[in-house]
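This report covers salt bridges and disulfide bonding in one protein model. The sequence and structure are shown first.

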Amino acid sequence: MMQKIIFYFILTVLLIGIVSCDSSSKENDKTEETSHQVIQTNTKTKPKENVVYTVGEKKVPQMDFSELERKVLSQSNNKTYVVNFWATWCAPCVKELPHFEALNAKYKDKNVEVILVSLDFPDKVDTQLVPFIRKKDLQSKVIFLNDSNMNEWIPKVSKNWSGAIPATLIYNKENRTFYEQSFTFEELESALTKTLIL
């Protein structure tokens with residue numbers, strides 16, 4: 001009798017342990033899934049065609065990825081493009097923005113164009129993105145990317161991009177380099193000069 005009681009007790013403890021581990025594992029899976037979908041939460045709203053947000057005299061166009069790819073990511077002229085993917089909710093992105101602004105000021109007359117592609121949430125454009133651009137007086141071109149198919153377009157930007165931001169593409173008709181990192185000004189300028197056509 002005592003052996004049966006001990007057996008059932010051990011069996012109960014094991015079952016509780018298995019259920020607990022399974023539950024914990026599911027929670028971890030949810031956490032991982034959430035962390036990998038930081039950008040993917042920006043998915044709810046289908047972009048309206050040709051929406052342009054006005055910040056003073058500055059125009060901030062809204063694009064889906066096909067338009068961004070066509071108009072921004074695949075130019076083959078003599079210009080070098082520095083395309084930074086960022087969001088107002090991303091602290092490292094906000095911290096490095098002044099370096100992109102400084103790069104824009106220093107190289108705008110040297111056939112270099114800095115483009116800041118915002119991945120802010122569609123319902124926060126008017127309340128967060130536009131006021132942020134106004135407050136920081138951003139001089140670089142800003143585009144709001146509103147495209148819910150992140151799993152499709154992230155690898156089109158770079159097959160090495162996990163989807164984390166900040167991320168930067170520097171390219172021209174001869175060179176194309178992608179960086180999934182934050183920059184100091186010196187690092188950003190160095191990355192640019194490696195890509196410039198000599």
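## Salt bridges and the disulfide

K71 and E67 form a salt bridge, with their closest N and O atoms 2.6 Å apart. A salt bridge here is a side-chain nitrogen of Lys or Arg within 4 Å of a carboxyl oxygen of Asp or Glu. The structure is a predicted model, in which local features need pLDDT of at least 70 and side-chain atom pairs count only at pLDDT 80 or more, while totals for chains, interfaces and linings use all residues. Residues are numbered from 1 along each chain as its sequence is written, and side-chain values use heavy atoms, with hydrogens and water left out.

K71 and E67 are four residues apart in helix α2 (residues 65-73), so about one helical turn separates them. Helices (H or I, at least four residues) and strands (E, at least two) are DSSP runs, numbered from the N terminus. K71 is partly exposed at 44% relative accessibility, whereas E67 is buried at 12%. Buried means under 20% relative accessible area, exposed over 50%, and partly exposed in between (1.4 Å probe, protein chains only).

How many salt bridges does a search of the whole structure find? The search gives three, listed below.

| Salt bridge | Closest N and O atoms |
|---|---|
| K71 and E67 | 2.6 Å |
| E113 and K79 | 3.2 Å |
| E189 and K106 | 2.6 Å |

Side chains of opposite charge can pair when their charged atoms come close.

E113 pairs with K79 at 3.2 Å. K79 is partly exposed, with 26% relative accessibility.

In the pair of E189 and K106, the closest N and O atoms are 2.6 Å apart. Helix α6 (residues 185-195) holds E189 and helix α3 (residues 91-107) holds K106, so the pair ties together parts that are 83 residues apart in sequence. E189 is buried, at 17% relative accessible area; K106 is partly exposed, at 41% relative accessibility.

The remaining topic is the cysteines. A disulfide is a pair of cysteine sulfur atoms within 2.5 Å, and by this rule the count is one. The disulfide joins C90 to C93, with an S to S distance of 2.3 Å. The torsion about their S-S bond is about 75 degrees, so the disulfide is right-handed. C90 is buried at 5% relative accessibility, and C93 is buried at 0% relative accessible area.
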